[in-house]
Amino acid sequence: MQFNYNNFKEAFTTEHSLRTLLSLFIRWGFIAILVGTAIGSVSALFLYLLELVTEIRIDHSYLLYGLPIGGLGIGLLYHYYGGDANKGNNLIIEEYHTPEKTIPFKMFPLVLIGTLTTHLFGGSAGREGTAVQMGGTIADQFTKLFKLDPQDRNILLLMGVSAGFASVFGTPIAGIFFAFELMLFKKFNTKAILPVVVTAYVSHYICLSWGVNHTIYTVDALPSYSLTTLASIAFAGILFGLTAYLFIHSTKLWNKLFTNFIIYPPLRPFIGAIIFIILILWIGSTDYLGLGVPVIVNSFTHQMGWSVFLLKVLFTSLTLGAGFKGGEVTPLFFIGATLGSFISVYLGLPVSLMAALGFVAVFAGATKTPIACTFMGIELFGIEYAILLALACFIAYIVSGKQSVYSSQHKNNTKTSVVKLN
């Protein structure tokens, strides 16, 4: 169908069309503020509780030995009460592409309890998965309230994802692009742009208004844009992509092993926790428990050893593959930042710069969201690094292959997409 500018102009200059357009703005603006406020507040509560359980775990190191019992509790809870909530982020992706029913509200308390339990006992997991699941679940509950059709329901899901991501990491622009990229830009509806943007920013500022503080990372060196520098960063991007590939397949391998050899699902995190504890005691370090934010921060100022990122891959893939709850993203930040820090001296580039590039590039490769990761880097480190961030993220994205940490994202990844202008 050919685009006729005159028809377009005429349609939107009529009184009826303007009234309809204004009505849509008001309606979606109201929904966006409502959804953003709810998700921003829930994210603030989640971050507060997450920090609390982390401090408790650090002050009481013996809690690590309770990880098997915590894992068994999570396993029993999800096995007997989880239902579709067991799919996690994949359920949100599936409901976006092939809508069947409203995301069960129980996903919200289940993932919150599961994640806090994982972190209380030292499991190596993140927080993004929890935020996205809570955001998607909360947003989807408004479908019936506002009597939305399937297309408008998809907008709600995008709003929930963007709001959860934006509020937990303090990066609203990245949250906006993460939502669209997570869904592969399919069924893209231009009507979704404004609600998703507003929701992301509202949730971000609501979360901040509750007194939440996000970690600040400092990059203090910008090299010249020489061919040598760009070639070095391109090479680093290849390593970041291969590491993302390693993480994806390590997690899938652990999950396959536990599924094949342990028939009763609740026992999988129980056994996985025992293996986890043995490995932690063997290496004699607690750096790989929980989020690992102190190690991430340290990697921006000190070169990390070659084994640090590999051990985080091991412990996080084991934790998630065994069935513990949480996200993948903060561990991916850890893996990428420590890898970048390690290779910095060999590439002759600043430690902080390479840590920053790895921070977002491994994440980009593992989740297939290079645009979101580029903007996240800009929001966290500064726009002056935009070209270098984009280069590292897109190369890592290409090198990491087609598969993602979200299996449903890969299943829906076909060559065609649907773009609707309405």
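Trainee: How much space lies in the second largest pocket?

Mentor: About 780 Å³ lies in the second largest pocket. Keep in mind as we go that this is a predicted model.

Trainee: What makes up the lining of that second largest pocket?

Mentor: There are 30 lining residues, and those nearest the centre of the second largest pocket are E51, T54, L291, V293 and P294. The elements giving two or more residues to this lining are α2 (15–59), α12 and α13 (293–299). The largest share, nine residues, comes from α2. By class, the lining of the second largest pocket has 16 nonpolar, nine polar and five charged residues.

Trainee: And how much space lies in the largest pocket?

Mentor: About 930 Å³. The largest pocket has 36 lining residues, with N86, N255, L320, G323 and K325 the closest to its centre. Its lining draws at least two residues from each of several helices, including α3 (67–81), α4 (89–97) and α6 (128–140). Helix α11 supplies the largest share of this lining, seven residues.

Trainee: Which classes of residue line the largest pocket?

Mentor: The lining of the largest pocket has 15 nonpolar, 16 polar and five charged residues.

Trainee: Let's turn to the cavities. Why is a space called a cavity and not a pocket?

Mentor: A cavity is a set of points where a 1.4 Å probe fits but cannot get out, whereas a pocket is an open set. Two cavities of 30 Å³ or more are found in this structure. The largest cavity has a volume of about 90 Å³, and the second largest cavity has about 30 Å³.

Trainee: Which residues line the largest cavity?

Mentor: R127, F169, H214, T215, Y217, F333, F359, M376 and L380 do. Six of them are nonpolar, two polar and one charged.

Trainee: What about the lining of the second largest cavity?

Mentor: Among its residues are L67, G123, S124 and F324. The elements that give two or more residues to the lining of the second largest cavity are α12 (267–283) and α14 (306–322). That lining has six nonpolar, four polar and no charged residues.

Trainee: On to the cysteines. How do you know how many disulfides there are?

Mentor: The cut-off for a pair of cysteine sulfur atoms is 2.5 Å, and by this rule the count is zero disulfides. For C207, the nearest cysteine sulfur is that of C373, 20 Å away, and C207 is in no disulfide. For C373, the nearest cysteine sulfur is that of C393, 5.2 Å away. Because a disulfide needs the sulfur atoms within 2.5 Å, C373 is in no disulfide either.

Trainee: Why is C207 called buried?

Mentor: Buried means under 20% relative accessible area. C207 has a relative accessible area of 0%, so C207 is buried.

Trainee: Is C373 buried or exposed?

Mentor: C373 has a relative accessible area of 0%. The cut-off for buried is under 20%, so C373 is buried.

Trainee: Which residues of the largest nonpolar core touch the most other members?

Mentor: F240, F300, F359 and F381 do, in a core of 129 residues. Helix α16 (residues 351–367) gives the most to this core, with twelve residues.

Trainee: Which residues does F240 touch, not counting residues up to four places away in sequence?

Mentor: F240 touches G336, L339, G340, I343, M354, L357, G358, A361, V362 and A396.

Terms used:
Residues numbered from 1 in each chain as written. Predicted model: local features only at pLDDT ≥ 70, side-chain atom pairs only at ≥ 80, totals over all residues. Heavy atoms only, no water. 1 Å grid on protein atoms, 1.4 Å probe; cavity = no way out; pocket = protein on both sides within 12 Å on 5 of 7 lines; lining within 4 Å. Points joined across faces, edges and corners; volume = space filled by probe spheres on them. Nonpolar A, V, L, I, M, F, W, Y, C, P; charged D, E, K, R; others polar. Helix = DSSP H or I, 4+ residues; strand = E, 2+ residues; numbered from the N terminus. Buried < 20%, exposed > 50% of the residue type's maximum accessible area, 1.4 Å probe, protein only. Core = buried A, V, L, I, M, F, W, Y, C linked by side-chain atoms within 4.5 Å. Contact = heavy atoms within 4.5 Å.
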